[in-house]
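Hello,

The structure we discussed is below, and my notes on it follow. Please read them alongside the model.

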Amino acid sequence: MKKYKIAVIKGDGIGPEIVDEAIKVLDAVSVNTDCEFVYKEYLMGGIAYDITGDPLPEETVEGCKNADAVLFGAIGGEKWDNLPRDKRPESGLLRLRKALALYANFRPVKVYDELLDASTLKSEVIEGVDLLVMRELTGGIYFGQPREKGNESAFNTMVYTKDEIIRIAKMAFEAAQKRRQKVCSVDKANVLEVSQLWRETVEEVATGYPDVTLSHMYVDNAAMQLVRDPKQFDVILTGNIFGDILSDEASMISGSIGLLPSASVGGVVGLYEPIHGSAPDIAGQGIANPIATIASASMMLRFALAEEKAADKIDKAIDQLLKEGYRTKDISSYGANEVCSTTEVGSIIADYVSK
Ligand code: NAD
């Protein structure tokens, strides 16, 4: 029996509800496989601030560093919005990403056939979309120095070193090798020097991956192409701020923010989390869609633990649930046979997985 140590951060809002369902599914996975999961819970976000005065207590960082992987729900909420920047829930997450050196964010976007109508885009545009946004996570304008807020002017600085570009580009080319062998690098090289270095460096890295086709696109065009013809993309490689914006845009192709998982990797331990936030507007009502978090647990099995078969089981169980028409409220207008609660969806997926 293989025993894996999973650091669990439930966070705020719907975080605890959706993470509990992912754990239920992981426990079901262990019934028919030789993996066992040992969970240890840690605090981060608003709840951590309330209890310890710090949105990222040191114990959480240490616990995550000593785990095989981190499963995370979401953080944040209005209650903490007026705190100073370093006390806000989001700063806890930014600091954890830095502490774990998580420089690569994988956001796969897949369209489920049963939910074609859930997207605001026409079904013929999105049918069969299967793309991956690879966002650089620890550099760029969000972290660049100097930065300053004055009363009459303010500035931030967009910085990338060559090494930072090389490591994320390699990650994208390696991901493309396992997919459809295409990388589209997105930048703003017609205006920004930092993007010119980005483009030159990605070109250099590409020479090491002759089986992968590289193309470049300016970010404004990429934003347009994503809604015009998303099927043209396989792996989209981009920096921190462009990736932040494009990955949210890409997520809407699939119809609900409650469906999409993500993985942040690069350091010793990876962080697996849904792409959405803590959804305070629906917290505690039992209606949150747990699929994004359950699919994040599947990414964790695949990426961190190399448990491909177990991950396949979860992915198939999600497909089956949607095929059979079980839906949480957010997607209940699209082919629902039965509208289910958060826990019911978790239990049905767990049941399929354990068979
Ligand atoms: P959000 O993603 O929490 O919610 C946006 C909308 O999507 C809401 O109407 C919400 O009800 C809905 N939604 C989100 N997840 C859902 C799910 N699983 N099932 C059904 N519906 C779902 O974004 P927001 O409202 O802008 O932010 C709320 C809080 O979350 C803020 O404090 C924000 O800072 C924080 N946030 C945290 C993360 C994170 O933890 N990684 C990411 C984004 C936002």
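Helix packing and ligand contacts

Helices H11 (residues 308–323) and H12 (residues 342–354) pack at about 125 degrees with axes 9 Å apart; helices are DSSP runs of H or I, at least four residues, numbered from the N terminus, and axes are lines fitted to C-alpha atoms over the stretch in contact, with angles from 0 to 180 degrees between N-to-C directions. That angle makes H11 oblique to H12 (under 35 degrees is roughly parallel, over 145 roughly antiparallel, 65 to 115 roughly perpendicular, the rest oblique). The contact (heavy atoms within 4.5 Å) involves Lys313, Ile314, Ala317, Ile318, Gln320 and Leu321 of H11, and Val345, Ile348, Ile349, Tyr352 and Val353 of H12.

This is a predicted model: local features need pLDDT of at least 70, side-chain atom pairs count only at pLDDT 80 or more, and totals for chains, interfaces and linings use all residues. Residues are numbered from 1 along each chain as its sequence is written, and side-chain values use heavy atoms, leaving out hydrogens and water.

H6 (residues 162–177) and H7 (residues 193–206) pack at about 50 degrees, their axes 9 Å apart, and are therefore oblique to each other.

A ligand nitrogen atom lies 2.9 Å from a polar backbone atom of Asn289. Ligand oxygen atoms are placed 2.9 Å from a polar backbone atom of Ile75 and 3.1 Å from one of Ser278.

Regards

Notes
Helices (H or I, at least four residues) and strands (E, at least two) are DSSP runs, numbered from the N terminus. A polar contact is a pair of N or O atoms within 3.5 Å; within protein, one must be able to donate a hydrogen and the other to accept it, and residues adjacent in sequence count only if both atoms are side-chain atoms.
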